[in-house]
Amino acid sequence: MLRIAVPNKGALSEAAVQLLKEAGYKTRRSGRELVLLDHANEVELFFLRPRDIAVYVGEGSIHVGITGRDLLADTPDCAAIEHRALGFGASQFRFAGPAGQYTDISQLEGKRIATSYDVLLREFLASQGLDAKVVHLDGAVESSVALGVADLVADVVETGSTLKAAGLEVFGPSVMRSEAVLITRPDHVNDPGLYKLDRRIQGVLVAREYVLVDYDIPATHLDEAVAITPGLESPTISGLHDPAWKAVRSMVRRKELNDAMDNLADLGARGIIVTDIVACRL
């Protein structure tokens with residue numbers, strides 16, 4: 001039975017549970033239980049602290065988990081590897097200091113830097129040849145400067161609004177761009193259960209990215225229409241009762257949908273219908 005670790009709280013939790021639900025796995029808990037059995041799919045879901053998931057997967061007690069790329073990178077001596085990016089939970093690991101005081105990472109030299117990501121920070125400082133004191137805090141690092149514990153902070157930033165509220169501003173390069181990732185160990189990559197899970201997740205991610213578009217187009221403009229909606233492999237073309245027209249069905253990226261519809265309408269397409277895709281297999 002495949003063991004899957006799922007964040008039990010935090011920004012990644014709800015989105016991870018929704019992803020697994022759309023992939024066909026049992027995710028509803030009756031209470032606050034930490035283990036959920038899905039006998040139909042032969043999996044066990046373990047609801048764990050996001051920061052601990054890479055530890056369990058790396059040790060092999062859990063086969064696969066969903067966590068942040070930043071949390072995986074910040075887990076010392078971890079044997080877990082990133083298997084697939086999941087497209088949600090985007091963030092960046094950045095430096096921030098009192099507004100107007102810092103503009104360049106060279107100013108980190110000799111400073112006290114508060115963070116919850118010791119490994120990430122130490123590795124970056126070493127790569128830049130900078131000597132600074134790392135002040136470990138388990139959370140709310142943005143308060144450390146005002147309280148005199150640190151000179152500046154290094155933290156995961158989504159919108160930056162929390163830092164701004166504390167009188168801090170982001171500066172310097174992004175140390176890491178993070179998002180939710182599916183992780184496993186190298187010796188579990190070929191597990192049949194992981195293959196099934198990965199294929200289902202891929203189907204959900206593609207379904208979220210694409211919509212299905214149907215339309216009728218004058219046969220004289222078919223090639224131009226196909227160029228607008230090429231689909232994944234090739235669109236489906238069907239004949240209509242009127243030989244002067246063709247029916248086209250194709251998958252279109254959701255973010256490109258409105259431009260595609262405008263261009264199709266300009267070509268003379270009619271009956272343009274858009275349908276959401278719930279899941280798919282490629």
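Predicted model: local features only at pLDDT ≥ 70, side-chain atom pairs only at ≥ 80, totals over all residues.

Entry 1, an aromatic pair. I looked up phenylalanine 171 and found a relative accessible area of 5%, so it is buried. Tyrosine 102 has 7% relative accessibility and therefore counts as buried too. I counted four aromatic pairs in the model. In one of them, the ring centres of tyrosine 102 and phenylalanine 171 are 5.4 Å apart and the planes meet at 15°, so I logged the pair as stacked. Tyrosine 102 sits in the loop between β6 (91–98) and β7 (112–115), while phenylalanine 171 belongs to strand β10 (residues 168–178), so the pair ties together parts 69 residues apart in sequence. I then traced the cluster: Phe95, Tyr102, Phe124 and Phe171 make up one aromatic group.

Which residues of α4 (residues 118–128) are buried? I listed Asp118, Leu120, Leu121, Phe124 and Leu125. Viewed down the axis of α4, these buried residues fall within an arc of 165°, so they line one face of the helix. I recalled that an α-helix has 3.6 residues a turn, so residues three or four places apart point the same way. On the other side of α4 I found Ala126 and Ser127 exposed. The cover over the buried residues of α4 includes α3 (69–73), β6, β7, β8 (133–136), β9 (152–157) and β10. After α4 comes glycine 129, and I read a positive phi for this glycine, near 65°.

The largest nonpolar core has 24 residues, and I noted Ile4, Leu86, Phe88, Leu182 and Leu197 as the members that touch the most others. I found at least two residues of this core in each of β1 (2–7), α1 (13–22), β3 (43–48), β4 (64–68), β11 (180–184) and α6 (192–209). The most comes from α6, which gives five residues. A second, separate core holds 19 residues, among them Phe124, Leu125, Leu130 and Val134. I then went back to phenylalanine 88 and left aside its neighbours within four places in sequence. The contacts of phenylalanine 88 are then Leu12, Ala15, Ala16, Leu19, Ile66, Glu179 and Ala180.

I located glutamate 44 in strand β3. Is this glutamate buried or exposed? Its relative accessible area is 15%, so I recorded glutamate 44 as buried. With neighbours within four places in sequence left aside, glutamate 44 contacts Met1, Leu2, Arg3, Ile4, Val35, Leu36 and Leu37.

I found the charged end of arginine 51 over the ring of tyrosine 117, at 4.8 Å from the ring centre. The charged end of arginine 200 lies over the ring of tyrosine 25, and here I read 4.9 Å to the centre.

How many disulfides does the structure hold? I found zero. I also looked up accessibility for two cysteines. Cysteine 78 has 23% relative accessibility, so I marked it partly exposed. Cysteine 280 has 16%, so I marked it buried.

Technical notes:
Residues numbered from 1 in each chain as written. Heavy atoms only, no water. Core = buried A, V, L, I, M, F, W, Y, C linked by side-chain atoms within 4.5 Å. Buried < 20%, exposed > 50% of the residue type's maximum accessible area, 1.4 Å probe, protein only. Helix = DSSP H or I, 4+ residues; strand = E, 2+ residues; numbered from the N terminus. Contact = heavy atoms within 4.5 Å. Phe/Tyr/Trp six-rings, centres within 6.5 Å; stacked < 30°, edge-to-face > 60°. Lys NZ or Arg CZ within 6 Å of the ring centre and 35° of its normal. Arc of directions from axis to C-beta. Disulfide = S-S within 2.5 Å.
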